[in-house]
Amino acid sequence: WNQKDEDAIFYGLNLPEAPEGKTYQLWAIADGKPKSAGIFNVDDKGNQAMVIHSLKDIGDISNFAVSLEPAGGVPSPTGKIYLMGGDT
């Protein structure tokens, strides 16, 4: 996460394939609240990489998380958290 440019690169490795009708959703935890940073699927090895350019004006980010959500994503997490990481 480049705090100066407010961009990030996300690498998800070895995640289980999402069931039909589900997708992974990346969250930036900012000011104590989860804010969507995008949705993604994984390849046949459970991997995905993506650049996130949408972190401007999102708030004071303390963590990132990935959850499994209904296809198309949701406004706030409802599914199992698969990954959680800090901003360092």
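At 63% relative accessibility, Asn14 counts as exposed, a label used for residues with over 50% relative accessible area, while buried means under 20% and partly exposed covers what lies in between (1.4 Å probe, protein chains only). Asn14 sits in the loop between S1 and S2; here strands (E, at least two residues) and helices (H or I, at least four) are DSSP runs, numbered from the N terminus. Although it is not a glycine, Asn14 has a positive phi of about 60 degrees.

A word on the ground rules. The model is predicted, so local features need pLDDT of at least 70 and side-chain atom pairs count only at pLDDT 80 or more, whereas totals for chains, interfaces and linings use all residues. Residues are numbered from 1 along each chain as its sequence is written, and side-chain values use heavy atoms, with hydrogens and water left out.

Asp31 lies in the loop between S2 and S3 and, though not a glycine, has a positive phi of about 55 degrees. With 52% relative accessibility, Asp31 counts as exposed. Asp57 is placed in the loop between S4 and S5, and its 80% relative accessibility makes it exposed as well. From Asp57 to Ala30 is 27 residues in sequence and 10.0 Å in space, C-alpha to C-alpha.

On to the inside. In soluble globular proteins, nonpolar side chains tend to be buried together. In this model the largest nonpolar core has 19 residues; such a core is a set of buried Ala, Val, Leu, Ile, Met, Phe, Trp, Tyr and Cys residues joined through side-chain atoms within 4.5 Å. The residues with the most contacts inside this core are Phe10, Tyr24, Leu26, Phe40, Ile52, Leu55 and Ile61. At least two core residues come from each of strand S1 (8-12), strand S2 (22-30), strand S3 (33-40), strand S4 (48-52) and strand S5 (61-70).

The whole structure holds 3 aromatic pairs, where rings of Phe, Tyr and Trp (its six-membered ring) pair if their centres lie within 6.5 Å, and planes under 30 degrees apart count as stacked, over 60 as edge-to-face and the rest as tilted. Phe10 and Phe40 make a tilted pair, 5.0 Å centre to centre with 50 degrees between the planes. Phe10 belongs to strand S1 and Phe40 to strand S3, so this pair ties together parts that are 30 residues apart in sequence. Both Phe10 and Phe40 are buried. Tyr24 and Tyr82, by contrast, pair edge-to-face, at 5.5 Å centre to centre and 85 degrees between the planes. Since Tyr24 lies in strand S2 and Tyr82 in strand S6, the pair ties together parts that are 58 residues apart in sequence. Tyr24 has 1% relative accessibility and counts as buried, whereas Tyr82 is partly exposed, with a relative accessible area of 28%. Ring pairs link Phe10, Tyr24, Phe40 and Tyr82 into a cluster.

What does Tyr24 touch, leaving aside its neighbours within four places in sequence? Contact here means heavy atoms within 4.5 Å, and the partners of Tyr24 include Leu15, Pro16, Ala18, Val42, Val66, Leu68 and Tyr82. Ser67 is also in contact with Tyr24; the two are 43 residues apart in sequence and 5.7 Å apart in space, C-alpha to C-alpha. Gln25 is found in strand S2 as well and is buried, with a relative accessible area of 2%. Not counting residues up to four places away in sequence, Gln25 touches Ser36, Gly38, Ile39, Phe40, Ala65, Val66, Ser67, Glu69, Gly73 and Val74.

Ser67 and Glu69 come up again with Gly79. This glycine is in the loop between S5 and strand S6 (81-86) and, at 28% relative accessibility, counts as partly exposed. Beyond its neighbours within four places in sequence, Gly79 is in contact with Ser67, Leu68 and Glu69. Gly79 and Glu69 are 10 residues apart along the chain, with 5.4 Å between their C-alpha atoms.
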